[in-house]
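Subject: Structure handover, salt bridges

Hello,

Here is the structure I said I would pass on. My notes on its salt bridges follow below.

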Amino acid sequence: MINLTRRQSLGFLAAVGTVSAGTVAVSAVTTTAQERFDHHLAELKKAAEELDPMIGSWQVMPIDHDGKHCAVVITAFRISGRYEGDGVYEGGEEQWNGNRIKWRVSLLPDRQDGERLFMVTTLSGVDRLQLLESRLETFIGRRLA
């Protein structure tokens with residue numbers, strides 16, 4: 001419990017009144033629903049990344065039902081490895097049996113949206129993926145060779 005003198009409590013109420021008046025003035029500016037959504041999503045991401053600096057990649061996906069957006073799925077992925085040159089890396093997550101898949105990672109000359117692009121292949125060559133660097137960091141683990 002905070003004990004305030006009469007003078008301190010009047011100052012506190014004046015500060016709250018000033019903040020409320022500022023809030024009213026700001027909310028008078030017309031913004032679209034998309035602008036408000038983008039602003040609040042950016043604030044959510046910022047707060048989540050402050051709580052867990054290992055968050056490295058986000059996926060935001062609206063879910064449609066009968067042509068209307070009825071939900072939004074927001075997924076954050078944790079960084080599990082960093083690219084340290086072409087080579088073999090373990091997977092970022094353990095499989096059901098406790099093992100990790102081994103992936104051959106190679107940098108491609110292409111860029112997409114300004115990000116480096118990688119080819120990620122299982123050692124057998126059966127599975128092949130192209131991943132942006134932000135997604136690669138949440139997909140691979142430590143470098144093995």
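A salt bridge here is a side-chain nitrogen of Lys or Arg within 4 Å of a carboxyl oxygen of Asp or Glu. Please keep in mind that this is a predicted model. The structure holds 4 salt bridges, and three of them are described here, among them the pair Glu133 and Arg116.

Glu133 and Arg116
The side chains of Glu133 and Arg116 form a salt bridge, with an N to O distance of 2.6 Å. Glu133 sits in helix α3 and Arg116 in strand β5 (residues 115–122), so this pair links distant parts of the chain, 17 residues apart. Glu133 has 18% relative accessibility and counts as buried, whereas Arg116, at 25%, is partly exposed.

Glu137 and Arg82
Glu137 pairs with Arg82 in another salt bridge, where the closest N and O atoms are 3.0 Å apart. Glu137 belongs to the loop between α3 (133–136) and β7 (140–143), while Arg82 belongs to the loop between β2 and β3 (87–91); the two are 55 residues apart. Glu137 is buried, at 13% relative accessibility, and Arg82 is partly exposed, at 44%.

Asp52 and Arg78
Asp52 forms a salt bridge with Arg78, and their closest N and O atoms are 2.8 Å apart. Asp52 is in the loop between α2 (33–51) and β1 (55–65) and Arg78 is in strand β2 (residues 68–78), so the pair ties together parts that are 26 residues apart in sequence.

Regards

Definitions and conventions: Residues numbered from 1 in each chain as written. Predicted model: local features only at pLDDT ≥ 70, side-chain atom pairs only at ≥ 80, totals over all residues. Heavy atoms only, no water. Helix = DSSP H or I, 4+ residues; strand = E, 2+ residues; numbered from the N terminus. Buried < 20%, exposed > 50% of the residue type's maximum accessible area, 1.4 Å probe, protein only.
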